[in-house]
Amino acid sequence: MRMGQGRGRGRERGGKFGPMGRLTAQARAVFATAQAEAERMGHDYFGTEHLLLGLFAAEDGVCAKVMHNLELKKDEIRSRVEELSAADEGERQVRGRLHFNPRLKVVFQEATREAHRMNHRYVGPEHLLLGLTAADESVAQRILKERGVTLDRARDEVVSVLSNSGPVETEPDEEGGGTTVVMSRVDDRALNALDTLIEAGICKTRSDAASWLIQAGIESNTALFEAIHETVMEIRRLREVAQTLVDDASKRHPRESTASFI
């Protein structure tokens, strides 16, 4: 199953999971890893426990720091998932191709709600973690509770990590046709600049502040960007000319390889 291939396709192929286009690249990697975990274990379903394991795919960023602080370890969680599966306590459905457990929809809804609560217009791995802790009667919630991880505790940890450090993520364009998420590490000076814009009331979030500064940088270097744009357009034109020459050569010599022309 391919995740996050644009807003329209996301609704068409995964509409029951909501606006998948809001997932960051890391969150989509989490889903892909989770599905691979389910297949590796020989399970015929994709449940919340697999998504919990998939979160470890986010080796860097907010979620990774949160899970480290919560002392969540991949090997321990995988062992517990396997124990529950062996006891037939997993979220198993009918056999055949991989089926999605309905609780995943609840997880995504809760994750989206948590993102909205934090004024984030994207859904990252950290929001998925919160969604898992909020999905009642799910295997993932059970495993997390066994380790003392509740929704309140996880939420406090996410807020703490976000407020102290971590990457800045620009949000998906609500009006656009796809996800526009940019991950960027910033130093203390840049982080202070973002927080200053928020404190001054110019921006509401660090994401907004980062976007504001990027736009300001573009506007202050308009001449430079126009020159770069013209250069790029010329490169594209030359590529088209080269491709035309290759096509013409192929038509004149159909039996000869065109590899030497490229």
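A residue counts as buried under 20% relative accessible area, as exposed over 50%, and as partly exposed in between. In this predicted model, valine 232 has a relative accessible area of 33% and is therefore partly exposed. Histidine 127, at 0% relative accessibility, falls under the 20% cut-off and so counts as buried.

The protein as a whole has twelve helices and four strands. Of its 262 residues, 41% count as buried. The accessible surface comes to about 14900 Å², and carbon and sulfur atoms hold 49% of that area. Among contacts with a separation of 6 or more, 65% are between residues 24 or more positions apart.

The interior comes next. In soluble globular proteins, nonpolar side chains tend to be buried together. Here the largest nonpolar core has 46 residues, and Leu51, Leu55 and Leu128 have the most contacts inside it. Two or more residues each come from helix 2 (25-40), helix 3 (48-54), helix 4 (62-69), helix 5 (74-86), helix 6 (103-117), helix 7, helix 8 (139-146) and helix 9 (151-164). Another core, of six residues, lies apart from the largest one; Leu191, Leu197, Cys203 and Ala209 are among its members.

Leucine 128 shows how parts of the chain come together. Beyond its neighbours within four places in sequence, leucine 128 is in contact with Ala27, Val30 and Phe31, with Leu55, with Val107, Phe108 and Ala111, and with Val123.

Histidine 127 has its place in helix 7, which spans residues 125-134. Its side chain is joined to that of histidine 120 by a polar contact of 3.0 Å. With neighbours within four places in sequence left aside, the residues in contact with histidine 127 are Ala111, Glu114, Ala115, Met118, His120 and Tyr122.

Ile214, Ile218, Leu224, Phe225, Ile228 and Val232 make a nonpolar surface patch of about 500 Å². Helix 11 (206-220) and helix 12 (222-252) are the elements that give two or more residues to this patch. Helix 12 gives the most, with four residues. Valine 232 belongs to helix 12.

Notes: Residues are numbered from 1 along each chain as its sequence is written. This is a predicted model: local features need pLDDT of at least 70, side-chain atom pairs count only at pLDDT 80 or more; totals for chains, interfaces and linings use all residues. Side-chain values use heavy atoms; hydrogens and water are left out. Patches are made of residues with over 30% relative accessible area and no salt bridge: like charges are joined within 9 Å, nonpolar side chains (Val, Leu, Ile, Met, Phe, Trp, Tyr) within 5 Å. Accessible areas come from the Shrake-Rupley method with a 1.4 Å probe; for residues, only the protein chains shown count as cover. A salt bridge is a side-chain nitrogen of Lys or Arg within 4 Å of a carboxyl oxygen of Asp or Glu. Buried means under 20% relative accessible area, exposed over 50%, partly exposed in between (1.4 Å probe, protein chains only). A polar contact is a pair of N or O atoms within 3.5 Å; within protein, one must be able to donate a hydrogen and the other to accept it, and residues adjacent in sequence count only if both atoms are side-chain atoms. Contact means heavy atoms within 4.5 Å. A nonpolar core is a set of buried Ala, Val, Leu, Ile, Met, Phe, Trp, Tyr and Cys residues joined through side-chain atoms within 4.5 Å.
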